[in-house]
Amino acid sequence: MLKNLLKIVFAAIFAASAISAQSPVITGVPAATDADSIVVMPFTNKASTSESNWIGESFAETLSDLLSNKGINVLSNQERKFVLQELGIPNMSVPSLATSVKVGIHAKASLIVVGDYQLLPETDGKAPRLVVNARIFKVKGGIVSEDFPDQRKFDFNFSDALGNLQKIQGQLAWQFLYRLHKSYFKLNKDAFPWSENSLIADAESKVPPRASEAFVKAISVSSSNPSAKENYLKNAIKIYADAKAGEVYSDAALELGHLYLSQKKPSDSASTFEQVINSYQQCRERSKSEGKPGRCDEDGYAEAAFYDGLIQLQIGNLETALGVLKPLADDLKLTSVNNALGAISIQAARNEKKNAAKSAAMINDAIDLLKRANESAPDDADIRFNYATAIFISGNMQEAAAQLRTAIAGNPRDGDAYFMLAKALQSLNDPLAVPIDNEAHKYLVNNNRYATLQTEWDKSKTVNGIPMRVSQPQRKDFLAVILTRKRGSSVPKPKIDDTVTQIVKAREFVKNGQDDEAMEVLRRVLASEPSNAETFLLLGKIYLRRGDIDQSISSFKTSVFWDNRLIDAHVLLGKIYVEKGDCLQAKNYAASALGIDAENQDARALQRLSERCSK
């Protein structure tokens, strides 16, 4: 079933530099430029004990949320954590100012919020008191400054009862917004569209204070204490539901679902993710009936649906998996979603025993989905394998062989791929089927696997015993794609070398005996196109001229592997085996060369040599 970890999704998509926040323009307030974006760091606990460390994370979580969509570009708290991961900085640590600046630069943020707090104990019957200091730094070109256009420093100080934490956060968020807009855009106070009370109300209404405290404590708990994390999350979900007429605290439910997933509790994990899915759908229905936009957590829904779909696939609930994942395909256009849907379609086709037309339609759907996934991630061997398998099942053996060769290049010990390639080549009457089948034997020895697959093939000409390859990406990788989609980042197109021109140049060098120059060109070609058959043909000729017989054989065989119609490689291999006295091999290559072109003079000459070889 689910096997290898997904080597997902290509490095360019997950580069943190892709995180360039862009907030919508608010009426009456000038939009910040792309250079003006802000990241809120966790506040530092000045106390010697760690019991109140969760408060520092709470500031990062709440302020990031309150500042978003208000005319200033803001990195979400999740984005900030992703940048920390990219830089190899533990999420549990409170970064120093130098590290905070490093995070800001890496995230392409020009403004950084840092702060500290101290929790004063209860005295004279008064509740514990929180003293908070915050400051905004400006970063440009790697230079840190506290001065803004109006030559002022942005320092903020608050003191209030701990029970009014969210009130403090709302006040602080309003001060940030007002001072930044006033400094940059010279706004009058009367023209400012947000009141301090509105920010405080937002802070207090979104998440009940006790639920927020439990959630922040949960995400602040070390991964080495999963039971404490679970209890905090369950408590946060319960408090939220009690205060909000049964609504689901999506952030906490997502964390709990992933916690169960890490503990290999798929049923509990799926059930928790489904709470997030149902909550989102109810929010959408409520917004539709009220005729106004709601604050529905679209990203939380996408994440929950994706992982729930993979869990359903893992436990064999194909229809449920299809229903959960299908809505994500067009919206997110995620490679891993298309790969999973393709695998589901293949498995459903295998399970369809009565209606051949329906099964064939499912395979065609799988080919379409996996083709899109393969085009998005051409270097992912698992996706290529699934795509090749779908084509193989459809009966297009010529194309299946081509795709399986590429899959094997990415995973040279892939016994299942060798097995299907051998069967495809057999159907095409290709003499390479025999050595490829030998490779399949070599890599399918465990549990007598080759014999099992061969028995099925002999009986029904099917490969149902070969599983599809779908796995769960790490959460940070999935979130990186979500963030890229949100921010509309574009992935730079790779530079495409002019392979044809390079090959012509190398061919000319080989013809003129300029082997060193040819090798240099061919290495460049292989760097950009490692499956180019003529490159290996030319390399084989150079090695042969240098007397390195073993290396030339290897190069010629690789050339034949990538393009079985390249007649020169067959002929040269045959001549080498004549010289080595291996007459059977020589005759095989003579026959394969004549099978390509019966009138080719070099092939006919090789045939005569091979016939005299054994005499």
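Me: Which hand does the crossing of α26 and α27 have?
Reply: In this predicted model, α26 and α27 cross in a left-handed manner.

Me: At what angle do the axes of these two helices cross, and within what distance do they come?
Reply: The angle is roughly 155°, and the axes of α26 (residues 583-596) and α27 (residues 601-613) come within 9 Å. The two helices are therefore roughly antiparallel, since angles over 145 degrees are classed that way.

Me: Which residues meet there?
Reply: From α26, the residues are C583, A586, K587, Y589, A590, A593 and L594. Their partners in α27 are A603, R604, L606, Q607, S610, E611 and C613.

Me: And by class, how many residues of each kind does the contact of α26 with α27 have?
Reply: There are 9 nonpolar, 2 polar and 3 charged residues in the contact of α26 with α27.

Me: Let us turn to α14 and α15. At what angle do they pack, and how far apart are their axes?
Reply: Helix α14 (residues 356-376) packs against helix α15 (residues 381-394) at about 150°, with the axes 9 Å apart. They are therefore roughly antiparallel to each other, and α14 passes α15 in a left-handed crossing.

Me: Which residues make the contact?
Reply: On α14 they are I363, A366, I367, L370, K371, A373 and N374. On α15 they are I383, R384, N386, Y387, A390, I391, I393 and S394. Sorted by class, this contact of α14 with α15 has 10 nonpolar, 3 polar and 2 charged residues.

Me: Changing topic: are the residues on the faces of β1 buried or exposed?
Reply: Strand β1 (residues 37-40) is covered on both faces. S37 and V39 lie on one side, I38 and V40 lie on the other, and all are buried. In a regular strand, side chains alternate between the two faces of the sheet.

Me: In which sense do β1 and β3 pair, and over how many bridges?
Reply: β1 and β3 (residues 73-74) pair in the parallel sense over 2 bridges. I38 stands opposite V74 in β3.

Me: What about β1 and β4?
Reply: The pairing of β1 with β4 (residues 111-120) is also in the parallel sense, over 3 bridges. Here V40 stands opposite V113 in β4.

Me: Finally, the whole chain: how many helices and strands are there?
Reply: The protein chain has 27 helices and 7 strands. Of its 615 residues, 48% count as buried.

Me: What share of the contacts with a separation of 6 or more comes from residues 24 or more positions apart?
Reply: Such residues account for 63% of those contacts in the protein chain.

Methods
Residues are numbered from 1 along each chain as its sequence is written. This is a predicted model: local features need pLDDT of at least 70, side-chain atom pairs count only at pLDDT 80 or more; totals for chains, interfaces and linings use all residues. Side-chain values use heavy atoms; hydrogens and water are left out. Axes are lines fitted to C-alpha atoms, for helices over the stretch in contact, and angles run from 0 to 180 degrees between N-to-C directions. Helices (H or I, at least four residues) and strands (E, at least two) are DSSP runs, numbered from the N terminus. Angles under 35 degrees count as roughly parallel, over 145 as roughly antiparallel, 65 to 115 as roughly perpendicular and the rest as oblique. A crossing is left-handed if the near helix is turned anticlockwise from the far one by less than a right angle, and right-handed if clockwise. Contact means heavy atoms within 4.5 Å. Ala, Val, Leu, Ile, Met, Phe, Trp, Tyr, Cys and Pro count as nonpolar, Asp, Glu, Lys and Arg as charged, and the others, Gly among them, as polar. Buried means under 20% relative accessible area, exposed over 50%, partly exposed in between (1.4 Å probe, protein chains only). Two strands pair if DSSP finds at least two bridges between them.
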